Amino acid sequence: MRTSESGEARTPYRLTPEHVYFTFASGRLSYDCASCGSTCCRGHGYAVNSQDALVQLTRRPHLRFFLAERDGLVVQNCAPACFFLANDGRCSLQVEQGYAAKPETCRLFPFIDIRRVGQVLIVAPHGDMCPLEVIGETEASGTSTHAYLLDAMSMQRIERFLPEVAPIAGTAESVIALEREIVAASERYLTLPYSEFVGEQLRLTRKYLQSETMTESWGSDSALRSKRMLAQVLDTIGFAVEELEQADRSVGVLIAALTPFLRSRMMFRRDGAEHSDCTRDIDAVGVIFALLGVFALTSAANLAGMQRVTFQTVARIWKENHELLTLISLLGTPLVWRRGEEVAPAGSYPEFEAAYFEVARALTSSRQQSAPRTLYEIIASQNSWHGAQRMRFLRMLATRLHGRVTSSLDGGPSSASMRKRVLSQFQQLALSSGDDKLLRAVLRSS
Ligand code: SF4
């Protein structure tokens with residue numbers, strides 16, 4: 001494996017099934033370029049290896065004006081479309097020279113989000129450009145089978161930088177083994193209630209990561225535990241079980257099929273990335289809470305009028321609700337303010353200030369050490385709003401707590417500057433005092 005100066009991998013040499021982990025079941029996702037209007041050929045361009053670049057330059061010498069270096073070579077498109085997109089919507093490279101002549105990005109698209117953990121490549125669909133759909137249990141889409149994609153990947157060596165990621169718990173081997181089992185389970189639970197799949201995820205997590213993340217307090221009844229988790233998520237966001245059941249059955253099918261993909265965003269994280277896909281404190285059980293949040297929000301989108309929910313719907317919900325989903329992922333955890341992190345004032349949410357102060361107080365080390373409460377319990381005691389106000393309150397909390405709380409009951413190690421540490425200590429003292437006037441004054445002066 002060759003690496004760049006930044007330590008990122010280029011060109012994996014071995015592409016066998018053991019070295020590639022697909023974050024979706026074989027053939028389960030399908031796409032239709034004609035109905036989508038070849039959106040992917042109208043983007044910013046495509047990565048190209050040096051060999052393909054030479055062939056394309058021979059054919060179209062003027063492409064040299066649009067060749068750029070960005071983590072390898074890229075051909076930069078001119079809007080509205082790729083240089084090779086013909087008026088009939090087909091790729092002229094493929095039509096004239098065959099499939100193998102297409103650039104690497106295009107051969108694999110939309111399965112081009114490739115990351116590396118150890119010697120294994122994690123393959124996921126790209127962003128939210130392609131309206132991928134889940135196809136029925138008895139069918140399979142030829143363009144998303146693992147064998148087809150492995151062939152497309154092996155045809156030429158991959159010459160892109162592959163970001164290196166690390167598992168959030170356990171070893172790379174144990175988490176890859178867990179995730180492969182979850183891909184297989186996603187097929188078995190495709191048409192069953194999603195809470196049953198949650199129970200299976202808990203059981204498998206216990207099997208592979210017991211020592212790291214699952215303590216006795218989680219109990220051994222995964223089915224019961226999954227129902228409690230679903231009830232806590234729904235109660236927090238103010239969504240009744242009966243309402244959830246009114247959503248189209250296709251939502252549960254979609255979320256079950258996309259669960260391995262969504263898990264891969266959270267179970268592996270880019271080391272040192274400032275804006276990683278998940279927060280520093282999410283654990284393997286928190287991942288399942290976050291998925292329940294995605295399930296609930298996607299059901300809400302369907303009930304709000306979206307009749308056709310696809311991969312794009314879920315990817316957008318995931319992206320736009322990142323902080324809220326992080327908050328949901330932490331519901332089962334007793335948290336405290338991270339040492340040295342400032343407690344942000346309620347600011348432009350005066351109507352929520354008193355409730356926010358109570359939540360902030362409940363998260364001080366002294367309170368949590370004497371009688372630990374989970375984030376769900378803390379929020380439930382203050383969450384008295386309904387409808388849109390409830391969502392505003394939760395989004396405010398999500399923003400205020402994001403990156404500032406930790407599951408380490410002593411507040412964890414501090415890397416903050418001396419000034420921030422002193423400020424944070426003042427704030428914690430003001431929170432403990434129970435005097436809201438003093439607290440307001442300290443937060444304002446911070
Ligand atoms: S090379 Fe072909 S498949 Fe790739 S973007 Fe251009 S037209 Fe589309």
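## Strands and how they pair

Strands are DSSP runs of E with at least two residues, numbered from the N terminus, and two of them pair if DSSP finds at least two bridges between them. Alanine 47 stands opposite valine 74 in S7.

## About the model

This is a predicted model, so to speak of local features a pLDDT of at least 70 is needed, and side-chain atom pairs count only at pLDDT 80 or more, while totals for chains, interfaces and linings use all residues. Residue numbers start from 1 along each chain as its sequence is written.

Three strands form an open sheet in the order S5-S7-S6, with antiparallel pairing. Strand S5 (45–47) and strand S6 (67–69) are the edge strands, each pairing on one side only.

## Domains in touch

The domain assignment, automatic or from a database, gives domain 1 (2–50 + 60–164), domain 2 (166–329) and domain 3 (336–445). The contact takes 22 residues from domain 1 and 25 residues from domain 2; two residues are in contact if their C-beta atoms, placed from the backbone, lie within 7 Å. On the domain 1 side, S9 gives the most, with three residues.

Definitions and conventions
Helix = DSSP H or I, 4+ residues; strand = E, 2+ residues; numbered from the N terminus.
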